[in-house]
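Welcome! Here is a short briefing on how charged side chains pair up in this protein. Please take a look at the model first.

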Amino acid sequence: MNTDTVKAAKADDEPDWLVDDPHTAEDDEAGQASPPPPWRVLIVDDDVDVHVVTKFALSQASFEGRRLSFLHAYTGEEALALLRSTPDIAVVLLDVIMETQDAGLHVARQIREDLHNSAVRIILRTGQPGQALEHRIIIDYDINDFWCKTDLTTRKLFTTVISSLRTYASLRDAERQVADLAAALEHCIEVPAKPSGQTGPA
C-alpha cells in the first residue's frame with residue numbers, strides 16, 4: 001500500500017481515530033444509566049483494509065455486557081504512543097511487519113519491558129509466516145497468541161479476542177485485590193491499635 005493511500009485512509013478514519021464509540025442514540029432516548037465502558041482493542045497494522053475487516057468481524061462482539069471499542073495505529077511508534085496515553089487497552093492485535101521487518105516484535109517487547117504493562121493481551125498477526133519462526137517468537141517474546149492472517153477466520157478471531165478479554169479481566173481483578181490488601185495493610189501499620197485499658201504513657 002502506497003503512502004498516499006495510507007494517508008487518505010487515515011484522513012477518512014479521523015473522526016474515530018482514537019475510539020469507535022459503540023454508544024448509540026437509542027441509549028440516550030431510553031433514559032437509562034450510562035452503559036458500562038467498552039473494552040478497548042488496539043489494532044496495529046500498516047494495511048488499512050486489515051483495520052476495516054477486523055472492526056467488521058468484531059462489531060457485534062461483547063463480553064460481560066461490555067462492547068468493544070477500537071483504537072488504530074499504523075506504525076509501531078503510533079501504537080506505543082497510544083499505549084502510553086491509554087492505560088486501559090485490553091487487547092492489542094499486532095502486525096509483525098510494518099515500517100520494519102520486526103516492528104511488531106519491537107512493540108511487544110516495549111510493552112512488557114519499557115511500559116511494564118503485563119496485563120494487556122498481545123495477539124501477533126502476520127501475513128508472511130515464513131519471515132519468523134512461531135515457536136521462537138513465543139519463547140523469546142511475552143506474547144499471548146500468534147496467528148497467520150490467512151488462518152485467522154472471523155470465528156477464530158472472535159474466540160481469540162473473547163478469551164483474551166477474559167484473561168485480561170481476571171488479571172485486572174487480581175491487581176485490584178492486591179492493591180486493596182496492600183492499602184489495608186499499610187493502614188494497619190500506620191494506625192496501631194492502643195492496648196486495652198491504656199490511657200496514657202506507661
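Glu-175 and Arg-172 sit three residues apart in helix H7 (residues 154-190), so about one helical turn separates them. Helices (H or I, at least four residues) and strands (E, at least two) are DSSP runs, numbered from the N terminus. This is a predicted model, in which local features need pLDDT of at least 70 and side-chain atom pairs count only at pLDDT 80 or more, while totals for chains, interfaces and linings use all residues. Residues are numbered from 1 along each chain as its sequence is written, and side-chain values use heavy atoms, leaving out hydrogens and water.

**The pair in helix H7**
- The side chains of Glu-175 and Arg-172 form a salt bridge (a side-chain nitrogen of Lys or Arg within 4 Å of a carboxyl oxygen of Asp or Glu), with 2.5 Å from N to O.
- Glu-175 is partly exposed at 35% relative accessibility (buried means under 20% relative accessible area, exposed over 50%, partly exposed in between, with a 1.4 Å probe and protein chains only).
- Arg-172 is also partly exposed, at 21%.

**The wider set**
- By this rule, there are eight salt bridges.

**A link across the sequence**
- Asp-88 and Arg-40 meet in a salt bridge at 3.1 Å, N to O.
- Asp-88 is in the loop between helix H4 (76-85) and strand S4 (89-95) and Arg-40 is in strand S1 (residues 39-44), so this pair ties together parts 48 residues apart in sequence.
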